[in-house]
Amino acid sequence: MQATKQTTIAIIDDDCALLEALRDLFETVGISSLVYGSADAFLDSGDLSRVDCVLADVRMPGTSGLALLDAVVRAEGPPVCMMSSFAESTIRQHALSAGAALFLAKPLNSQDLLEFVAQATSR
């Protein structure tokens with residue numbers, strides 16, 4: 001019998017309540033998550049190669065979500081979904097042109113998140 005690989009998503013946001021809510025959402029559908037309160041914490045963790053996709057806020061203290069996106073793309077890392085409460089079209093366009101697979105406005109739609117993970121892990 002062949003074991004199926006557990007999908008793991010990295011969730012990066014400075015909002016602790018949102019991190020917990022997203023972890024709970026993914027857990028209910030069998031998706032493992034690693035949560036980080038900052039882009040720096042994620043980048044310093046060495047977990048980039050352990051995750052199938054990344055969900056990151058645009059605006060965080062320290063390294064921004066867009067700088068994180070650039071680092072993941074340079075490392076040829078997994079697909080990244082950027083999210084923001086401030087979904088101005090210029091930020092959205094910058095994120096998408098910099099290599100984000102998706103850009104979501106907060107409040108987040110759980111179906112959009114699950115579709116992103118499904119698409120990211122089927123490639």
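This is a short tour of a predicted model, stop by stop. Residues are numbered from 1 along each chain as its sequence is written. Local features need pLDDT of at least 70, side-chain atom pairs count only at pLDDT 80 or more, totals for chains, interfaces and linings use all residues, and side-chain values use heavy atoms, with hydrogens and water left out.

**Whole chain**

Start with the protein chain in cartoon view. It has 5 helices and 5 strands; these are DSSP runs, helices being H or I of at least four residues and strands E of at least two, numbered from the N terminus. Follow the sequence and the pattern reads β-α-β-α-β-α-β-α-β-α. Along its principal axes, the C-alpha trace spans about 50 × 30 × 25 Å.

Now show the residues by burial. Buried residues make up 41% of the 123 residues, where buried means under 20% relative accessible area, exposed over 50%, and partly exposed in between (1.4 Å probe, protein chains only). Contacts are heavy atoms within 4.5 Å. Among contacts between residues at least 6 apart in sequence, 63% join residues at least 24 apart.

**D57**

Select D57, which lies in strand β3 (residues 53–57). The UniProt annotation "modified residue: 4-aspartylphosphate", from an unreviewed entry, covers D57; positions from that record are given in the numbering used here, feature names are shortened, and annotations may be inferred rather than shown by experiment. Is D57 buried or exposed? D57 is buried, with a relative accessible area of 5%.

Next, show what surrounds D57. Leaving aside neighbours within four places in sequence, D57 is in contact with I12, D13, D14, G65, M82, M83, S84 and K106.

**Helix α3**

Select helix α3, residues 65–74. Which residues of α3 are buried? They are G65, L66, L68, L69, A71 and V72. The cover over these buried residues includes β1 (8–12), α2 (39–45), β3, β4 (80–84) and α4 (89–97). Just after α3, select E76, which takes a positive phi of about 55°.

**L25**

Last, select L25 in helix α1 (residues 16–28). Leaving aside neighbours within four places in sequence, L25 is in contact with S110 and L113. To finish, draw a C-alpha to C-alpha distance from L25 to G77: these two are 52 residues apart in sequence and 24 Å apart in space.
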